[in-house]
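Subject: Handover of a structural model

Dear colleague,

Please find below the structure that I am handing over to you.

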Amino acid sequence: MSIKQGEYLKKLRNENNLSQEQLAEKLGVSRQSVSKWEQGISTPDIDNFVKLSELYNVSVDSMLKGEELNEARSVAYADKKPEKKKRGWLFVSYPVLMVILYAVIGVIFSARGWALGWIVFLTIPLFYTGIIAAEKKKPIIFCYPVLVLILFLLCGFFLKLWHPMWIIFLTIPLFYIITAKKK
């Protein structure tokens, strides 16, 4: 265990107004064990990590990393529920709208429409990942390979450019390289 982890465990104990003796009694271990954990000399076993997690209302992961959780912890610590992001009706109903659009395309354009119409289903991951990527300002979340696939299929079906359009698949790694560097 690192000193950072030990200091974090000590901080959590102090926040909960517990002495080393009181904590040791709650966990069924010696005070010396608690002291060694807080000094970074030894590590609690899995059972004790779980008990500490429940006692302090923090994740085992945060104790292992020796880090405080972000805003979610402070909200949970204050016994408040975090607010859910409110989405519009389009966000919830987009897949249903795509099913309806697929049926309309199929009816209007007959057999060819049913064959090509399924491309609208590929817009579903684009829609959701596009919104989430924009909200979080992380373009790497966007489902770029699906966009490339849609472009490839559209150019192939409508323009008969199957062969030269395969080159656009080479842009996928470039997209991820560029967006990964723009963190």
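Helix axes are lines fitted to C-alpha atoms over the stretch in contact, and angles run from 0 to 180 degrees between N-to-C directions. Helices are DSSP runs (H or I, at least four residues) numbered from the N terminus. On this basis, helix α8 (residues 123-136) and α9 have axes that come within 9 Å and cross at roughly 140°. Their crossing is left-handed (the near helix is turned anticlockwise from the far one by less than a right angle; right-handed if clockwise). Thr-123, Pro-125 and Leu-126 of α8 make the contact with Val-146, Leu-147 and Ile-150 of α9, where contact means heavy atoms within 4.5 Å. These residues divide into five nonpolar, one polar and no charged (Ala, Val, Leu, Ile, Met, Phe, Trp, Tyr, Cys and Pro count as nonpolar, Asp, Glu, Lys and Arg as charged, and the others, Gly among them, as polar).

The model is predicted, with local features needing pLDDT of at least 70 and side-chain atom pairs counting only at pLDDT 80 or more, while totals for chains, interfaces and linings use all residues. Residues are numbered from 1 along each chain as its sequence is written, and side-chain values use heavy atoms, with hydrogens and water left out.

The chain has a mean pLDDT (the predictor's confidence in each residue, from 0 to 100) of 85, and 90% of its residues reach 70 or more. Confidence is highest in α9, at a mean of 93, and lowest in helix α6 (residues 71-77), at 45. The pLDDT is below 50 over residues 70-80, a stretch with 13 contacts in the model beyond near neighbours in sequence.

Leu-23, Lys-26 and Leu-27 in α2 meet residues in α4 including Asn-48 and Tyr-56.

Yours sincerely

Terms used:
Helices (H or I, at least four residues) and strands (E, at least two) are DSSP runs, numbered from the N terminus.
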